[in-house]
Amino acid sequence: MNISIFGLGYVGCVSLGCLARNGHNVIGVDVSETKVKQINSGLPTIIEKDIDHIIREEHNRCRISATTDFDRAIKQTEVSIIAVGTPSSTTGHLNLEYIFKVAENFGHVLREKGRFHVIAIRSTVLPGTSEKFAEIVERVSGKKKNVDFAMVSNPEFLREGTAVYDYYNPPVTLIGSEHAEAADKVASLYKKLPAQVIITDVKVAELMKYVNNTFHALKVSFGNEVGNICSALGIDSHKVMEIFCADKVLNISPYYFKPGFAYGGSCLPKDLKGLQTLAHDHYVKTPLIESIDKTNELQISRAVEMIQQTKKRKLGFLGLSFKAGTDDLRNSPAVALIETLLGKGYEIAIYDKNVQLSQLTGTNKEYIDTHIPHLSRLMKAQISELMNESELIIVNNKEKEYVEILSNVEEEHPIIDMVRLPEDIRKKKNYKGINW
Ligand SMILES: NC(=O)c1ccc[n+]([C@@H]2O[C@H](COP(=O)([O-])OP(=O)(O)OC[C@H]3O[C@@H](n4cnc5c(N)ncnc54)[C@H](O)[C@@H]3O)[C@@H](O)[C@H]2O)c1
C-alpha cells in the first residue's frame, strides 16, 4: 500500500521503517528539513535499537523517502498516518496545534484530490480530536467525511528504548472508526503482527492510551507505596510484589475492573484501613492508598446526586447487601446510600432476596436488629410490593430475580443501575447507569 506518515519523530520514524519492512511504500512528511534529509540519506531521526539498519535497508530498497511537501505526499498515497507531537501546554492541557495544522494541510490538498483518502491519527489525542480534525478538513476542502475521506483512530503503544520490538509485538492493534472499510484498510497494515485486532468506536480508541498510561503510572506508584511500607517493616518488598503478581485470578486480571457502584463488604474497607494505619504508625506517607476510600465515598455521593436529579421521592432499592449472592450487610455501600437518603426525607422501600432469607433463618438477623433496625423496617417481603410502591428503582445487585422483573417492567419506569444490567434494560427510556 502507498502510505504517508506525518511527523518523523519516535512514532513516525519507527512506523516508517517498520511499515516499509512489511512491504509498503512509505513517504515521511515533516516540517523539519533536517529530519527529511536524514531519512533521504538512509538515516533514522532517532536513536533506537534496530531502527538504523531498518531505515538504511528500506531506503536502499527505495521503499521509504521523506519530504516537506505534504501536497505531494497526500496525493501519492491512499492512507496517511498522523504521528506529530501532542505536548502538554503550560496549563497542562493538550496542545493540539500541530495536529490541527496538519488537518488544514489535508483540507487544502483534499479539495483537489479526487480519490478517497484514509487519515489515521496515531498521535496520542483526547476524545473528540478526530471529530475536530474532520471538521477542519471538511471546512477547508468542502469535501465530506465518510464520503471523500474517513478518519481512523489508531493509537501507538510503543515504549522508547524497545520501540521496534514493541511495534512488531503490540499488546493489541486498536482501531477506532465509524467507516468499516477505512478501519479494515488500516487493520490490514498490521496483519503481519501477532496482536489481536480490536475495532471499536473512535472515542473509545482515543481515550484508551490515557487510560492505559494512567494505570501504568498508578501501578508504579502503588508498587512504590507498598514498597515503602515493606521497607519500614523490614519486609522484602520484591517478594511481596512477586507474590502479588502471581495471583492472576484476582490481582493481575480483569476482576474488579468493571465501572459501577462503590466497593464494600467486610474485607475491602477494613483491610484498606488496616494497611493505611500500619503505614501511618510507621511514618510512611501513602497518599495514593489514602485516596482510595475518598474515591469510594464520592461514588456514593454521585449516586445520591443522580437520585436527587430525578425529583422522585418514593424510592425502591433492589439489593441491600454489598453484592449478589450474599446477605452480608457490613459496610454495604447501599446501606450508606439509603441512610443518606433517609436523612434527606425520601420514602424508601427495600427488597433483598438474600437478606430476606437470612432474616427468616436468623443468620444475619442479629446484625440487622442491632446495626440497622431502621432499615429492616423498610424491607418488603415481596418484590412486587416494592415495584408497586416505588417511583424510582435503584438496582444494587444483579440477582436473576431482579433482572427478570426489570426486563418486563414498563418502558417508562425510571431505573438507576449500579451494576450494569443487561442491554434490553439499559435501552429502556428512563434508565440511567451510574457511570455508563
Ligand atoms: N514517544 C513515544 O514513546 C510515544 C509512544 C506512543 C505514542 N506517542 C505519541 O505519538 C505522538 C508523537 O510522539 P513522538 O514522540 O514521535 O513525537 P516527536 O516530538 O518525537 O515527533 C513529532 C514530529 O512531528 C513533526 N511535526 C510537527 N508538526 C508537523 C507538521 N505540521 N507536519 C509534519 N510534521 C510535523 C515534528 O517536527 C517532529 O519531528 C505524540 O502524540 C505522542 O504522545 C509517543
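What share of the contacts with a separation of 6 or more comes from residues 24 or more positions apart? And how are the two rings of that linking pair arranged?

Modeller: Happy to. Keep in mind that this is a predicted model. On your opening question, residues 24 or more positions apart account for 68% of the contacts in the protein with a separation of 6 or more.

The protein has 19 helices and 13 strands. Its radius of gyration is 28 Å, well over the 22 Å that the globule rule gives for 436 residues, so the protein is more spread out than a compact globule. If you follow the C-alpha trace along its principal axes, it spans about 80 × 60 × 40 Å. Out of the 436 residues, 46% count as buried. The accessible surface comes to about 22500 Å², and carbon and sulfur atoms hold 53% of that. As for charge, there are 53 positive and 54 negative ones, and their mean positions sit 4 Å apart.

Now for the aromatics. Searching the whole structure turns up eight aromatic pairs. The one you asked about is Tyr 351 with Tyr 402: the ring centres are 6.1 Å apart and the planes meet at 75°, so the pair counts as edge-to-face. The cut-off behind that word is simple, because planes over 60 degrees apart are called edge-to-face. This pair links distant parts of the chain, with Tyr 351 in strand β10 (residues 347-351) and Tyr 402 in helix α18 (residues 400-408), 51 residues apart. Both partners, Tyr 351 and Tyr 402, are buried.

Who else touches Tyr 351? One of its contacts is Lys 380. You'll find Lys 380 in the loop between α16 (373-376) and α17 (383-389). Leaving out residues up to four places away in sequence, Lys 380 touches Ala 349, Ile 350, Tyr 351, Gln 356, Glu 385, Leu 386 and Glu 389. Is that lysine buried or exposed? Lys 380 has 18% relative accessibility, so it counts as buried, since the cut-off for buried is under 20%. For a sense of distance, take Lys 380 and Gly 227: they are 153 residues apart in sequence, and their C-alpha atoms are 48 Å apart in space.

Compare that with Ile 46, in the loop between α2 (33-40) and α3 (51-60). Setting aside residues up to four places away, Ile 46 touches Gly 9, Tyr 10, Cys 13, Val 14 and Ile 51. Ile 46 is at 8% relative accessibility, so it counts as buried.

Another loop residue worth a look is Thr 286, between α11 (268-281) and α12 (287-310). Its relative accessibility is 1%, so Thr 286 counts as buried. Beyond residues up to four places away in sequence, Thr 286 touches Glu 225, Ile 229 and Ala 279. The C-alpha atoms of Thr 286 and Ser 237 are separated by 15 Å, and the two are 49 residues apart along the chain.

Ser 130 has a relative accessible area of 4%, so it is buried. Its contacts, not counting residues up to four places away, are Ile 121, Met 151, Ser 153, Val 202 and Glu 206.

Going back to rings for a moment, Phe 6, Phe 106 and Phe 133 form one aromatic cluster.

Tyr 256 is not a glycine, yet it has a positive phi of about 70°. Tyr 256 sits in the loop between α10 (237-246) and α11, and at 56% relative accessibility it counts as exposed. Asn 331 isn't a glycine either, and its phi is positive too, about 55°. Asn 331 lies in the loop between β9 (314-318) and α13 (333-343), where it is partly exposed with a relative accessible area of 46%.

So here's the picture to keep of your pair: Tyr 351 and Tyr 402 are both buried, they meet edge-to-face, and they join strand β10 to helix α18 across 51 residues of chain.

Methods
Residues are numbered from 1 along each chain as its sequence is written. This is a predicted model: local features need pLDDT of at least 70, side-chain atom pairs count only at pLDDT 80 or more; totals for chains, interfaces and linings use all residues. Side-chain values use heavy atoms; hydrogens and water are left out. Helices (H or I, at least four residues) and strands (E, at least two) are DSSP runs, numbered from the N terminus. The radius of gyration is taken over C-alpha atoms; the globule rule is 2.2 Å times the number of residues to the power 0.38. Buried means under 20% relative accessible area, exposed over 50%, partly exposed in between (1.4 Å probe, protein chains only). Contact means heavy atoms within 4.5 Å. Accessible areas come from the Shrake-Rupley method with a 1.4 Å probe; for residues, only the protein chains shown count as cover. Lys and Arg count as positive and Asp and Glu as negative; His and the chain ends are not counted. The place of a charge is taken as NZ of Lys, CZ of Arg, CG of Asp or CD of Glu. Rings of Phe, Tyr and Trp (its six-membered ring) pair if their centres lie within 6.5 Å; planes under 30 degrees apart count as stacked, over 60 as edge-to-face and the rest as tilted.
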